[in-house]
Amino acid sequence: MMAGGAGEEGLGVGCRDPDPASAPTWALAMTPIPAPTPASTPSLSLASESLQTMQDLTGDGGVLKEQLRPGIGQPVPPSASVAVKYSGYLGNWNKLFCSNGSSKYPRLMKLGKDITLWGLEIGLLSMTKGEAALFVLTPEYAYGQRGCPPSIPPNMTVLFKVEVLDFIDSEECDAFFELTYALSILGHSSSSKAEQSQINASKLLLFLNLSLTYLKLERADRALKYGELALEMDQGSAKALFRCGQACLYLREYSKSRDFLARAQCIQPFNRDINNELKKLARYYKEYKEMEKEMCYQMFDPLNSYG
């Protein structure tokens, strides 16, 4: 995760101490980067009175946290893959040693694999989606007695500013990457008609699973794309129609959602999930029309008052 500058390396890949008794085995591959401007420097001081107001996540003062902005939902689970923005500092926030602030879309990184700095992992496990926080990590929870030359001096307390953009659980993330890899393999055509039929059946299943995975990632546009690809292979697939209907509902394309879901219901009229989604669509559409009506009323009411 937190390679200096580009942010392409994982946290824990470039600075491991050969003697486990003298330093922890979590560290960071870093490239020197310019110091931050004063406007971007957090205001928290390492003075003892400032640290006393922070939340002690480990009970020994090793990982201290100050929440800058609350998030929503459940905390990051231990096996999650997360998308975060971060900056790492030395001293009283006066020396930036790593950051991915220039990355518009940070990649997903897995706890324990791409993120193995112990104190930072503890900090992330206390956070929720959308939350931003400051962390102070003592050497025991960061780079140990030896540090990580030349960027991290020996026995150094480090500070991180972190924002959790999103996360997914490990099973969904692993399944996603397995599916996309399998899809690239199945993209090759076969000279055998029977073999091609098997490939097409496998591709249909992959498209459906990718559509579901993107729905869980709240990427409805991609979910719709793979649902429509599944429909190209089997226009009578109730599951593909259902996935497309779900995606369109998320995108607030209510007419398209109704069309997809109604077609799915014709194929499977007693499917509980399809019928519940149609009820949800009706509820959302009613709320949308009421909101639209209220906006029109507010727009034209001032004109009526002058009549």
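Student: Is K280 buried, partly exposed or exposed?

Tutor: Start with the relative accessible area. Buried means under 20%, exposed means over 50%, and partly exposed lies in between. In this predicted model, K280 has 29% relative accessibility, so K280 counts as partly exposed.

Student: Which residue does K280 pair with in a salt bridge?

Tutor: Look for a Lys or Arg side-chain nitrogen within 4 Å of an Asp or Glu carboxyl oxygen. K280 forms such a bridge with E277. Their closest N and O atoms are 3.9 Å apart.

Student: How many salt bridges does the whole structure have?

Tutor: A search of the whole structure finds nine. One of them joins the side chains of R69 and E163, at 2.9 Å from N to O.

Student: What does the pair of R69 and E163 tie together?

Tutor: Check the element that holds each partner. R69 lies in strand β2, residues 63-69, and E163 in strand β9, residues 158-168. The pair therefore ties together parts that are 94 residues apart in sequence.

Student: How do I read the accessibility of R69 and E163?

Tutor: Use the cut-offs again. R69 is partly exposed at 36% relative accessibility. E163 is partly exposed too, at 26%.

Student: Which salt bridge does K129 make with D166, in terms of distance?

Tutor: Their side chains meet at 3.8 Å, N to O. K129 lies in strand β7, residues 128-129, and D166 in strand β9, so this pair ties together parts 37 residues apart in sequence. K129 is partly exposed at 23% relative accessibility. D166 is partly exposed as well, with 24%.

Student: Now a helix. What span does helix α5 reach?

Tutor: Compare the end-to-end C-alpha distance with the expected value. Helix α5 covers residues 220-233, 14 residues in total. From first C-alpha to last, helix α5 reaches 20 Å, close to the 20 Å expected at 1.5 Å a residue.

Student: Which residues of α5 are buried?

Tutor: Apply the accessibility cut-off along the helix. The buried residues of α5 are A220, A223, L224, Y226, G227, A230 and L231.

Terms used: Residues numbered from 1 in each chain as written. Predicted model: local features only at pLDDT ≥ 70, side-chain atom pairs only at ≥ 80, totals over all residues. Heavy atoms only, no water. Helix = DSSP H or I, 4+ residues; strand = E, 2+ residues; numbered from the N terminus. Buried < 20%, exposed > 50% of the residue type's maximum accessible area, 1.4 Å probe, protein only. Expected span 1.5 Å × (residues − 1).
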